[in-house]
Structures are given as C-alpha cells and as structure tokens.
Amino acid sequence: MQNSHLSGWVREMADLCRPDKVRWCDGSESEKNDLTRLAARSGEVIELDPQKLPGCLYNRSALNDVARSEQLTFICTPDKDGAGPTNNWMAPKEAYEKLAGIFRDSMKGRTMYVVPFIMGPADAPVSKVGVQITDSIYVVLNMRIMTRMGDVALKRLGAGDDFTRCLHGKADLNDKRRYVCHFPQDNTVWSVGSAYGGNALLGKKCLALRIGSYLGMRQGWMAEHMLIMGVENPQGKVHYVAAAFPSQCGKTNLAMIVPPDIFLKKGYKVWTVGDDIAWLWIGPEGELRAINPEAGFFGVAPGTNQKTNPNALAATHKDTIFTNVVLTKEKTVWWEGLEDPPKEALDWTGQPWTPESGRNGAHPNSRFTAPCTNSPCLSPEWANGNGVEISAIVFGGRHAATAPLIYETFDWRHGVYTGATLASETTAAATGQVGVLRRDPMAMLPFCGYHMGDYFAHWLSFEKKLKKAPKIFHVNWFRMDKARKRILWPGFRDNFRPILWALERIEGKALGNRTPIGFIPDDDALNIEGLNISRQDLGELLSVNKAEWLAEIENQNQFFDKIGSRLPSVIREEQNKLRQRLEKV
Ligand code: GTP
Ligand code: SPV
Ligand code: MN
C-alpha cells in the first residue's frame with residue numbers, strides 16, 4: 001500500500017470499529033468468487049440456478065431496512081444554513097461523536113472490507129475516487145457492479161489525498177441507531193445501521209449526488225438525479241436527452257425504452273448512457289455535456305417485464321444481484337408484474353408464498369443490481385470520458401392532475417423555474433407514506449447536499465455560460481381521468497412519442513401550441529400512429545386548466561416560503577410571469 005493518506009485513514013477507522021480482519025478489495029474475478037462463497041456460506045446471499053441465471057445472487061434485507069431512510073439522512077455542515085431548509089442537519093462534531101459511538105467495536109467478529117472505487121470512467125477528467133469501508137459482503141458485491149472498483153481506483157488515486165472517505169457499517173441494523181451523515185467540507189460520508197441501496201452503496205446517492213452536488217456548486221458543474229439516453233433518428237443522428245424524475249417515477253424505464261414498432265421500422269433507435277445519475281458540465285463550445293458516473297443499474301424490480309422494459313429484463317439474466325424479490329423453488333426469481341408467476345415460492349420475507357396468497361411476494365422497492373454492460377441497448381458512448389452533448393433536459397413526476405403529458409418551457413429561466421417547482425406523489429423508494437404530493441425540485445429533494453436556494457442559483461448561473469443551451473421540457477406519464485380511476489396515457493414504450501416531439505422541436509420540425517405554461521404539441525404534431533387512444537383522452541392529456549394552474553401556483557408559495565430569503569428572485573419572477581400569462585386567458 002503506497003498511499004499514506006489512505007492507509008492512515010483505514011487504520012484510524014479500524015481502531016474505531018475493531019474488526020477481526022481488514023481485507024483490501026482488488027476487484028478481481030477470483031476475489032468475487034471468494035466473497036460469493038463466503039456470503040453464501042453465512043446465508044447473506046443465495047446462489048441462483050447457474051444455468052438459468054449464471055453468476056446471479058439473491059438477498060433478503062432486514063425487514064426494517066427496505067428503502068432509503070430520508071428521516072435519518074443528514075447534511076453535517078458547520079452551520080445549519082449550509083444544509084438549508086430542505087435537509088436534516090446535525091453539527092459535524094455532534095454527528096461524528098454520535099456515529100462513532102455506534103461504530104465503536106461494531107465490527108468485532110467481522111471483516112472490514114476496504115473498497116476503492118471510481119465514480120465515472122477510469123480515465124475521465126470529471127471522475128471522482130472514493131473509498132468505502134464496509135462490513136457487508138453484500139455491499140462489496142453491489143459496489144463491484146455499481147462502480148469501477150478495486151485496483152483501477154487505487155491506480156487513479158496514486159499518492160494523492162483527493163478521495164471521498166466513505167465509512168459504512170451494518171452495526172446491528174437497528175433503525176433507532178441508523179444514520180446516513182454527509183460531511184461535505186471533509187469530503188466524508190458515514191453511514192451506519194442499514195445495508196440497503198442508497199443508504200449503504202455510498203458511491204451512489206451519497207457521493208455521486210449529495211457530496212457531488214456540493215462539489216459541483218463549488219467547482220462549476222452539476223450532479224443530478226437524471227437518466228441519460230441517446231435517440232438515433234433514421235438518418236443516424238443521435239440526440240442525447242437527460243431526464244430528472246423522482247425515485248420510482250420511470251427513469252430506468254425511459255432510459256432503456258424500446259420505441260413502438262412503427263418507429264423501429266422507420267429506423268429509430270434508443271441508446272442508454274445511464275439510468276439514475278448524471279454529472280453535467282459546460283464543454284469547450286459552450287454546450288452541456290454529461291457522463292453517467294455509475295457502472296451498473298440498481299433498478300426497481302416490480303413492474304419490469306418483457307413488455308414494459310425488455311432491455312432491463314435482459315440485463316438481469318447474468319451476474320445480477322436480486323434484493324427482496326420472490327425466490328422460487330427452482331432457484332430463480334419473480335416479482336409482481338413479471339410473466340409466469342411461480343406456483344410455490346418464498347416471498348421477500350422468506351415466508352411460503354403462492355400467487356393466491358393475496359399479498360405481494362416481492363417488496364414494492366425490491367431491486368436488481370446489474371452491470372451496465374449487460375444491457376442490450378447500452379450506448380457505445382456510455383463510458384466516453386468526454387461525455388455526450390445534451391440536447392434536451394426533461395423534468396417529470398407523478399401528477400394525477402394539472403400537468404399535461406408534455407410541454408416545452410420558453411427558455412432556460414422558465415425551465416429552471418419548472419424544475420424548481422417539480423412536484424410528485426411519493427413512492428416506496430423512501431420510507432414513509434406513499435402517494436402524497438410533495439415538492440421535489442429537479443427530483444433532488446432527498447439528494448441535494450447544500451442549501452436549495454443556492455442550488456437554484458447554481459442552475460440559473462448556467463444561463464450565461466451555455467452558448468448552446470438545451471431546451472427544457474416537462475412530462476407527466478401519470479395523469480388520471482377526472483374520476484381519478486384510470487391513468488390516461490399508456491406510458492412505457494409510448495413515452496417515445498412525446499420524447500420524439502421534443503427532439504423534433506429542437507430541430508425546428510414539430511409544431512407546438514403556445515399556452516401560458518409553455519408549448520404543447522399541436523393536435524397532429526404528436527405522432528400517435530398505431531396507438532389506441534381516444535381523442536377525448538388525448539385532449540385531456542394535452543389540456544391546460546387555468547383554475548388548476550392558479551391553484552398550483554398558490555401551492556408553490558408554501559415551498560418558496562420554506563426556502564426563504566435565499567430563493568433567487570428570478571424564480572419568483574418566473575412565477576409572476578406565469579400567473580400573468582394565465583390570467584390573460
Ligand atoms: P429509481 O431507481 O427509484 O430512481 O426509479 P426510476 O425513476 O428509475 O423508476 P423506474 O423506471 O424503475 O419505474 C418505477 C416504477 O414506475 C416501475 O414500477 C415502473 O413499472 C413504473 N413506470 C415506469 N414508467 C411508467 C410509465 O410510463 N407509466 C406508468 N404507469 N408506470 C411507469
Ligand atoms: C432512488 O431511490 O432514487 C434509487 C434507489 O435510485 S437508492 O439507490 O436506494 O437510492
Ligand atoms: Mn434514483
């Protein structure tokens with residue numbers, strides 16, 4: 001071990017946690033096999049059928065540890081204002097002391113794994129090195145898929161001190177003693193008491209979004225909760241789209257979308273660059289560029305099937321880890337929405353389960369961890385360290401009413417206002433009530449590592465720097481009929497249609513109706529060839545209701561008041577302009 005900063009820190013953490021052993025991970029295949037064997041022996045994972053699902057593992061989490069714990073997630077800046085009104089805050093000294101108390105001796109009888117990793121391609125100038133310490137083999141095996149892990153990261157780090165220090169421990173998986181704490185000033189994350197997803201795979205939401213967004217604000221780039229997809233037209237021109245939707249609102253599905261058959265026949269193709277996180281910066285020509293800092297997909301299992309997302313499904317057929325899904329007798333997996341339910345199986349809690357048992361077999365936030373390289377539609381540019389040029393930014397959420405299927409904002413400021421006021425009904429991705437409308441600006445409410453008002457200002461600051469600003473759109477796949485019984489839009493593959501409209505707008509080809517909220521597809525501009533949808537439903541999907549929108553604006557004010565004096569005046573100006581446009585009609 002050459003790097004004294006790293007070895008010193010690891011020694012310090014080992015002195016705190018007192019593991020029996022410290023094991024440095026190199027990322028090799030033999031190490032993977034060894035760790036798999038150890039985890040299978042302890043029951044931490046179950047090896048699945050080697051013929052049907054080669055290299056695949058099954059895991060059940062603790063019953064109280066099935067989603068991100070937003071209430072237990074803290075931004076620990078020296079003063080409370082640094083974290084802002086939308087984050088939980090703890091003073092750094094208090095947080096270190098409190099968590100040290102839980103970490104102390106917590107790895108006795110266990111092995112401490114040291115996992116060096118890179119977020120981003122190994123050679124990309126914008127990539128960042130992290131080192132995660134953990135006592136969970138399951139976490140190591142996940143990090144191995146989700147990041148560039150092992151020697152490659154040590155090589156990139158060299159003798160330097162520039163790495164995010166990520167300490168993770170399961171402790172006793174007690175949610176009364178669970179904390180996910182971020183120390184942006186120290187480039188450090190401490191997480192204890194959970195082994196699930198974003199709480200425990202610290203490269204993902206903790207480094208790539210919370211610490212990343214803070215670094216981006218300081219250094220002039222952006223870390224966003226966005227998928228990146230390339231849409232290739234029949235002439236072979238590829239436009240890249242970055243889209244921010246809150247958790248469980250369709251990023252993975254859109255990132256891997258298979259266009260409807262009529263578009264496939266015409267020669268359209270979609271390429272996935274990333275499905276959850278984008279790092280964006282301004283390129284040499286004043287264009288917006290982006291990379292996917294991850295190397296795997298941590299995707300929602302329920303609802304994924306051959307019809308909704310065949311590409312995601314295909315990505316899970318080898319070298320994949322399944323968490324909290326149904327385990328069949330044949331050592332294969334199943335979840336709600338998948339074809340061919342098993343006759344007899346064990347549910348995500350390990351109880352006997354049949355399709356007739358009247359309860360879900362898989363947890364609603366059950367997930368697959370699959371390497372990006374398993375994806376049949378992976379973009380040839382996915383690991384290009386110079387990123388791809390973004391032509392369009394899309395914001396979206398779950399709205400039963402108000403927001404139409406798609407609209408185009410008038411300019412960057414109006415687009416930033418639209419992102420800043422993004423709202424969505426809550427989902428199972430986080431612990432808490434499901435289906436409640438909450439403001440989730442840029443889909444970053446749980447992930448912004450600093451003051452939300454400053455975050456909006458950071459977004460606005462790009463206006464001057466962007467010579468080729470992408471157009472900004474808003475979509476809603478979840479609008480319901482008046483009785484709130486039925487989702488009006490078929491969604492999934494057909495989401496390609498509004499996306500295509502957006503790209504044709506960029507090329508100046510498609511017509512849009514100017515409305516107070518932005519441009520909406522002209523009756524015939526949205527290609528609905530081969531789609532079975534009534535004119536009435538379509539009309540409703542593309543309608544703008546003045547009373548609903550005025551109420552929406554009123555509702556935004558509560559959120560603005562919460563942000564307080566650091567809300568940039570441009571955001572209120574944009575809101576006023578929208579109100580004036582609405583009042584004119
Ligand atoms: P995170 O990984 O939590 O960030 O989620 P995500 O944004 O990647 O969402 P994902 O694509 O996994 O979709 C979440 C859920 O929404 C799944 O159950 C999907 O089946 C469902 N879903 C995705 N797209 C659509 C759509 O167009 N219409 C409807 N009705 N449901 C959708
Ligand atoms: C999300 O909740 O947005 C996820 C899953 O992508 S987790 O990694 O648990 O944050
Ligand atoms: Mn996500």
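Guide: Happy to. In this predicted model, helix H8 is largely enclosed by the rest of the structure, because 14 of its 17 residues are buried. Buried here means under 20% relative accessible area. H8 covers residues 203–219, and its end C-alpha atoms are only 19 Å apart, whereas a straight helix of 17 residues would span 24 Å at 1.5 Å a residue. Another glycine follows just after H8, where glycine 220 has a positive phi of about 90°.

Now to the ligand. There are 22 residues around ligand 1, and those that come nearest are Gln248, Lys251, Thr252, Asn253 and Arg367. Backbone atoms take part as well. A backbone N or O atom of threonine 252 sits 2.8 Å from an oxygen atom of ligand 1. For glycine 250, a polar backbone atom is 2.9 Å from an oxygen atom of the ligand, and phenylalanine 492 also places a polar backbone atom 2.9 Å from an oxygen atom of ligand 1. On its own, ligand 1 would expose 660 Å², of which the protein buries 90%. Two elements give two or more residues to the shell around ligand 1: helix H9 (251–255) and strand S18 (296–300). H9 contributes the most, with 3 residues. By type, the shell comprises 9 nonpolar, 9 polar and 4 charged residues.

Notes
Residues are numbered from 1 along each chain as its sequence is written. Chains are lettered from A and ligands numbered from 1 in the order in which they are written. This is a predicted model: local features need pLDDT of at least 70, side-chain atom pairs count only at pLDDT 80 or more; totals for chains, interfaces and linings use all residues. Side-chain values use heavy atoms; hydrogens and water are left out. Helices (H or I, at least four residues) and strands (E, at least two) are DSSP runs, numbered from the N terminus. The expected span of a helix is 1.5 Å times one less than its number of residues. Buried means under 20% relative accessible area, exposed over 50%, partly exposed in between (1.4 Å probe, protein chains only). A residue is near a molecule or strand if one of its heavy atoms lies within 4 Å of it. A polar contact is a pair of N or O atoms within 3.5 Å; within protein, one must be able to donate a hydrogen and the other to accept it, and residues adjacent in sequence count only if both atoms are side-chain atoms. Accessible areas come from the Shrake-Rupley method with a 1.4 Å probe; for residues, only the protein chains shown count as cover. Ala, Val, Leu, Ile, Met, Phe, Trp, Tyr, Cys and Pro count as nonpolar, Asp, Glu, Lys and Arg as charged, and the others, Gly among them, as polar.
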